[in-house]
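Please look at the structure before reading on.

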Amino acid sequence: MKIEDFALERWLTRHELYVKYDIAESGILPLKLNDLLAFEPAEDRAASLERLLNLPLGYSEAVGTRELRGMIAATYPNVDPDNILVTTGAIEANFLLFNVLLDAGDHVVATYPAYQQLYSVPRAIGCNVSLWKVTPENDFCYDLKALQALVTPKTRLIVVNTPHNPTGAMLSEHELRQVYALAESVGAMVLCDEAYRWLAIPGGENFAPPICTLGKHGISVGTISKPFGLPGLRLGWMVAPKDIIAKCWAMRDYVSLSPGKLNDAIAILAFKHREKIIERNATIIRANLDAANAWVAQQADILAWKPPRGGLLALLKYQLDMPSLELADKLATEYSVMLAPGSSFGYENYLRIGVGQNPAVFKAGLDAAAQCFASLRK
Ligand SMILES: Cc1ncc(COP(=O)(O)O)c(C=O)c1O
């Protein structure tokens, strides 16, 4: 397979180990194993740690342990653990699904801009990919009429992502049902990347239901990376009809074989404390959104944004005479702050910001960026 470079990942790896203030981060502030253990009742902590320390580290069940799949399944109405394949992050779930569902020449409709995998892998397979654009002209909203114009009787797959990376857009329940009905009407599947599930804006809108609950044309992809702050565990999943799970599992034999055994066990601990983790996340999101809103207002002569409707991400529009890659490199190398270049999402004069960082680091990052903008205004 020949595939184009993942523009954002290439850029992130240039700076992420060297900056003090990463406010481009796409997930919530990572948790430590100690934080997870601290959610356990005090009298159970030692036993929980002991269980992890004494876990035999042989190969794990290829589809993910029954216990973990049961816990994931319980977060969806009427989903059986056998409809779930635990994968090496959402990235592997998406990759397997594209390769199982698609052949060269197939027509795919994919959200754009997007986490680049969502359209680059179908392209690399040789599909004809139409882009369903979330645009500033449309105030970063999904446009259902535009989707209707792209879907044809030849469409095999519609790829959506809600809440959306990088704009924070969302599909309402009504809109998601329309996407599903459109796919069903032409016999296509819908892959909904739900990596930002559970990351609601405090006091904000409700999320649409997971697409796998709408019927057999819907496949949901989830992860513990973003909502649980555990991206280092590399653990995600898909929820799909059993024949698709079987095919993805068979392909997975050639890729990663099975989830890491310790990762599966730690994910079980995280699911056990999901409600507390969501509460902790809401505090972080609220603090950072307030700080970001105040910061944008202070720099209204050059900055504007639409705060995320869901998830953690949004695009900042800036009015400075500098392309976004140059500006993002300058911010990282001279001011030690990371804001991702809009050009890696196809949008010039934008920077992507994430509101999941530690609030003190986030605030310091905003201040550092403000210094950079002040020097450029002169
Ligand atoms: C929309 C989206 N899908 C999938 C992923 C991959 O997540 P994971 O860490 O679970 O592989 C990301 C990571 O940034 C993402 O933003």
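Leu-257 is partly exposed, because its relative accessible area is 35%; partly exposed covers the range between buried, under 20% relative accessible area, and exposed, over 50% (1.4 Å probe, protein chains only). The model is predicted, so local features need pLDDT of at least 70 and side-chain atom pairs count only at pLDDT 80 or more, while totals for chains, interfaces and linings use all residues. Residues are numbered from 1 along each chain as its sequence is written, and side-chain values use heavy atoms, with hydrogens and water left out.

**Backbone geometry**

Leu-257 sits in the loop between α9 (242–252) and α10 (261–272); helices (H or I, at least four residues) and strands (E, at least two) are DSSP runs, numbered from the N terminus. Although Leu-257 is not a glycine, its phi is positive, about 70°. Arg-234, also not a glycine, has a positive phi of about 50°. Arg-234 belongs to the loop between β7 (218–223) and β8 (236–239) and is partly exposed, at 36% relative accessible area. Most residues other than glycine have a negative phi, and most peptide bonds are trans.

**Two buried residues**

Thr-162 is found in the loop between β5 (155–161) and α8 (173–185). Is Thr-162 buried or exposed? Thr-162 counts as buried because its relative accessibility is 10%. Leaving out residues up to four places away in sequence, Thr-162 touches Ala-169, Met-170, Leu-171, Leu-176, Cys-192, Asp-193 and Glu-194; contact means heavy atoms within 4.5 Å. The side chain of Thr-162 also reaches the backbone nitrogen of Leu-171 at 3.0 Å.

Ser-120 lies in helix α6 (residues 117–125) and is buried, with a relative accessible area of 4%. Apart from neighbours within four places in sequence, Ser-120 is in contact with Ile-3 and Glu-4. The side chains of Ser-120 and Glu-4 are joined by a polar contact of 2.7 Å. A polar contact is a pair of N or O atoms within 3.5 Å; within protein, one must be able to donate a hydrogen and the other to accept it, and residues adjacent in sequence count only if both atoms are side-chain atoms.

**The two domains**

The domain assignment gives domain 1 (7–26 + 275–377) and domain 2 (44–272), with bounds that come from an automatic or database domain assignment. The C-alpha centres of domain 1 and domain 2 are 26 Å apart. In contact are 25 residues of domain 1 and 29 residues of domain 2. About 2,500 Å² is buried between domain 1 and domain 2, with 55% of this area from carbon and sulfur atoms; buried area is the accessible area (1.4 Å probe) that two parts lose on being put together, summed over both. Lys-306, Arg-309 and Tyr-347 supply 29% of the area that domain 1 buries against domain 2, more than any other three residues.

Two salt bridges are counted between domain 1 and domain 2, a salt bridge being a side-chain nitrogen of Lys or Arg within 4 Å of a carboxyl oxygen of Asp or Glu. Glu-205 forms a salt bridge with Arg-309, and their closest N and O atoms are 2.9 Å apart.
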